[in-house]
Amino acid sequence: MINAALQLDKPNFSLAADFNVPGCGVTAIFGPSGCGKTTLLRAIAGLEPHTKGSLAVNNELWLSSQECRAVQERRVGVVFQDSSLFPHLTVEENLLYGRKRLKKISEPIEIKQLISSLGIEALLQRYPAGLSGGEKQRVALGRALLAEPKLLLMDEPLSALDQSSREELMLLLETFLQLIDIPVFYVTHSSEEVARLADNLILMSDGSVLDHGPIQNVLGAVDGELSRSDTAFSVIAGQIANTQLTGLISVDCGQGIVLQVPDTAVASEIRYQPETGVRLRIRARDVSLCLEQPKRSSILNILPAVITELAAEPYKGSRVVKVDIAGKQLLSKISEYSVQQLQLHAGQAVFAQIKSAALIS
Amino acid sequence: MLSQPDIAALLITLRLAATTTAILLLLGTPLAWWLATTRSRARSAIEAVIALPLVLPPTVLGFYLLLAFSPDGPIGATTAALGLPSMAFSFWGLVLGSAIYSLPFVVQPLQNAFSGLGRMPLEVAATLGAGPLDRFISVVLPLSKMGYLTAAVLGFAHTLGEFGVVMMIGGNIPGETQVLSIAIYDHVEALEYSQAHWLAAGLLICSFVVLLMIYSANRKFHLMKTV
């Protein structure tokens, strides 16, 4: 477990972050720009010396009222927004900087294997000034991991990259972050990155934590801040099924639910193999509810569902409704007028029309 | 050619400049580091004090040092109480005077180099397990190489060219405190122009070569960074 109760007061900003998240998997720290995500990450790393409160990472006490462990004693790996490589060292020397300082090397990481899975073998003798943005971030990730950190912190690692290298690094991270067995904190303001990478979510606004927990719980809270925002979405896991329909991919989400999503692979030239595990991101505003099954609709994904929960209050004229589709939870955001007209209530059987779903991994 | 006293003056000058530069690099490093990183309000005052030798006539500095070295002055009284010889008209008196006089030429390039680093490289090094001294040696020093080269050359060259302070506190004892600039002055006073030429032209060419070296090193360094 990672238990934190952190306070930090700065001249025109204050952070108050209390949360508990599992000590494994990827925890996304999500919120709008300027809400204190990066400050929280820096406080966890020990880079904000005036941080007060307590912090324990997998039974190691890093901060309490009695003691504050120095940054270099915490063993955090950090991947910063833009390049943080040492310009006076080659890629190889950068990679080994932290590893050389380990008191004892406990796990014999296959250095060569790590370097090749990051795709940086050819860069070892070069200096950082000659690398592309994506290459720099891959070296920075390798350098952090070779120091055998107890916790990996990533601060919007994709934000300084152009679209194509961002997608490339994203694909790498998706497989990579699942393989390593240390907890990862990943700061982002992109809901797509959350949906693709995160197992847990810490939702932040104005320097405090609004909600935290497993991603399904935080995303699925009908009264939560995230549900109220325009970016409210659900994530459903499934696997690629064989498809005969042109331009579409079928995703089998279990219990007989099969969703059809546009085959974006045509553009990005990635071929999905059957039975590959994937995630779907479905925006709440793309899900509408009908009392009867619509016929001859242009919308392909229409599934029987049961309303499980309605937000207590409408917000800005619309209301968030949670439905259960054969055990999968999905959020729908519809107008308050429709809620009243259709007299929607918990326990009611409806049909969910999913206007679009994005295949995100 | 150079006479015996001229060669002695040359050697004293080189020894003085080397000693002063070494001491200033040693003491200037923590001072410049503090100035580059502190948020203390005292910083501006300290910076102003360090920059004073840039604007004051060297004779002013020399005058106050001479007073301080006198048996009643704070430095003179201290050395007397410790049973040490007086600093006035001695080589170590010159070193102290030169160190104060050349302080800004060493501290400012170092301070600029340290400020230019930003906090990022140090924070990264800390997360990778490097302690404070380790961070300084493995990250700050190599990244501030040009700052150190500039500081050393400017400190050395500025001490070579010193005249007023030496005149006030060192006197003009051949073989002990007579430095090049004063030897040149003496030759000119005695209308020994050819002797003065040897020393003056030598100093001019040496200074030019040293500055040329530092500027081309600087250029190479920048080219390397952009490749």
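In the predicted model, 34% of the 227 residues of chain B count as buried. The C-alpha trace of chain B spans about 65 × 45 × 30 Å along its principal axes. Chain B contains eleven helices and zero strands, and its elements, taken from the N terminus on, run α-α-α-α-α-α-α-α-α-α-α. Among the contacts in chain B with a separation of 6 or more, 74% are between residues 24 or more positions apart.

Helix α8 of chain B covers residues 145–160. The helix has 16 residues and reaches 23 Å from its first C-alpha to its last, which is close to the 22 Å expected at 1.5 Å a residue. Buried residues of α8(B) are B:G147, B:T150, B:A151, B:A152, B:V153, B:L154, B:G155, B:F156, B:H158, B:T159 and B:L160. Two helix pairs that involve α8(B) are described next, one with α1(B) and one with α5(B).

Helix α1 of chain B (residues 4–37) packs with α8(B) at an angle of about 140 degrees, and the two axes are 9 Å apart. The angle makes α1(B) oblique to α8(B). The crossing in which α1(B) passes α8(B) is right-handed. On the side of α1(B), the contact is made by B:T13, B:L16, B:A17, B:T20, B:T21, B:L24, B:L25 and B:G28. On the side of α8(B), the contributing residues are B:A151, B:A152, B:G155, B:F156, B:T159 and B:L160. By class, the residues of this contact between α1(B) and α8(B) are eight nonpolar, six polar and no charged. An α-helix has 3.6 residues a turn, so residues three or four places apart point the same way.

Residues B:S98, B:S102, B:F105, B:V106, B:P109, B:L110, B:N112 and B:A113 of α5(B) meet B:M146, B:G147, B:T150, B:A151, B:L154, B:G155, B:H158 and B:T159 of α8(B). The residues of the contact of α5(B) with α8(B) comprise eight nonpolar, eight polar and no charged. Residues of α8(B) that take part in the contact with α1(B) include B:A151, B:G155 and B:T159, and B:A151, B:G155 and B:T159 also meet α5(B).

Helix α5(B) also pairs with helix α3 of chain B (residues 58–69), the axes coming within 11 Å and crossing at roughly 140 degrees. Helices α3(B) and α5(B) are therefore oblique to each other, and their crossing is right-handed. From α3(B), the contact draws on B:P58, B:L61, B:G62, B:L65 and B:F69, and from α5(B) on B:G93, B:G97, B:I100 and B:Y101. The contact of α3(B) with α5(B) has six nonpolar, three polar and no charged residues.

Chain B also touches chain A, with 16 residues of chain B in contact with 19 residues of chain A. On the side of chain B, the elements that give two or more residues are α6 (120–127), α7 (132–143) and α11 (193–226). Of these elements, α6(B) gives the most, with six residues. The side of chain B that touches chain A has ten nonpolar, four polar and two charged residues.

Chain A was examined for backbone angles. Most residues other than glycine have a negative phi. A:N58, which is not a glycine, has a positive phi near 45 degrees. This residue, A:N58, is found in the loop between β4 (52–57) and β5 (60–63) of chain A. A:N58 counts as partly exposed because it has 14 C-beta neighbours inside 10 Å. A:E156, likewise not a glycine, has a positive phi of about 40 degrees. The place of A:E156 is in the loop between β7 (151–155) and α6 (163–179) of chain A. A:E156 is buried, since 21 other C-beta atoms lie within 10 Å, and the cut-off for a buried residue is 20 or more.

Methods
Residues numbered from 1 in each chain as written. Chains lettered and ligands numbered in written order. Predicted model: local features only at pLDDT ≥ 70, side-chain atom pairs only at ≥ 80, totals over all residues. Axes fitted to C-alpha atoms, helices over the stretch in contact; angles between N-to-C directions. Helix = DSSP H or I, 4+ residues; strand = E, 2+ residues; numbered from the N terminus. Parallel < 35°, antiparallel > 145°, perpendicular 65-115°, else oblique. Left-handed = near helix turned anticlockwise from the far one by under 90°. Contact = placed C-beta atoms within 7 Å. Nonpolar A, V, L, I, M, F, W, Y, C, P; charged D, E, K, R; others polar. Expected span 1.5 Å × (residues − 1). Buried ≥ 20, exposed ≤ 12 C-beta atoms within 10 Å, placed from the backbone.
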